[in-house]
Amino acid sequence: FPSDAPLAAYTEPEVRRVPLDQLLMRMKALKLPGKAAAIAAQLPEPPEPSVVLASISELETLGALDAADESLTPLGELLATLPIAPRLGKLIAYGSCFGAIDEALTIAAGLASRSPFLSPLEARQEADWSRTAFADGWQSDYLAIMHAYGDFDSLPAPERFAFARQRFLGIRTLQGVASLKRQLLEVLSSAN
């Protein structure tokens, strides 16, 4: 196959392939001395400085880092404990403040996972209808995820598999959402 591109000799280091928000939050939570860009530059395979600066700016915009000295804000301290992207962690924090913690946890866990909606070639139209029905008249994937998970979770365990198959939902993905929700709730509970 002459048109196939050759494989790379090695995989690009993860620190250069993924968002740095969580890594930078962990660095700040460990109270390592110095600015985040200087600390990241000391890694064996350092990320691009422009990517580090963009992540720092993003965390400042989220209210997780103090712009003056890059210290964690109270919100940042909470977000650093959550095993989820800081943006989704902020969604959870706001959901907790506004009395919608279960909904916020479901949406955040759903967005942190792969989509629970399946779309098999032989039944694409039915799968699209099912997904639209979960959105309940709104054009929102967030609400569709929340309703799909809620309907799935409200069923007795023996009925869940048949429901997921009938409504074109990934059972393992929904089980993963449930597991992540529990994990996030435990972290929030220990953080008070």
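A: Of the chain's 192 residues, 37% are buried, where buried means under 20% relative accessible area, exposed over 50% and partly exposed in between (1.4 Å probe, protein chains only). The model is predicted, so local features need pLDDT of at least 70 and side-chain atom pairs count only at pLDDT 80 or more, while totals for chains, interfaces and linings use all residues. Residues are numbered from 1 along each chain as its sequence is written, and side-chain values use heavy atoms, with hydrogens and water left out.

The chain has 10 helices and zero strands; helices (H or I, at least four residues) and strands (E, at least two) are DSSP runs, numbered from the N terminus. The C-alpha trace spans about 60 × 55 × 30 Å along its principal axes. Among contacts in the chain with a separation of 6 or more, 58% are between residues 24 or more positions apart, a contact being heavy atoms within 4.5 Å.

Now the rings. A pair of aromatic rings is described by the distance of the centres and the angle of the planes. Rings of Phe, Tyr and Trp (its six-membered ring) pair if their centres lie within 6.5 Å; planes under 30 degrees apart count as stacked, over 60 as edge-to-face and the rest as tilted. By this rule the chain has three aromatic pairs. One of them joins F117 and F134: the ring centres are 6.2 Å apart and the planes stand at 45 degrees, so this pair is tilted. F117 sits in the loop between α6 (101-112) and α7 (124-134), and F134 belongs to helix α7, so the pair ties together parts that are 17 residues apart in sequence. Both F117 and F134 are buried.

F134 also pairs with F163. Here the centres lie 6.3 Å apart and the planes are at 75 degrees, so the pair is edge-to-face. This pair links distant parts of the chain, with F134 in helix α7 and F163 in helix α9 (residues 157-166), 29 residues apart. F163 is buried, as is F134. Through these ring pairs F117, F134 and F163 form a cluster.
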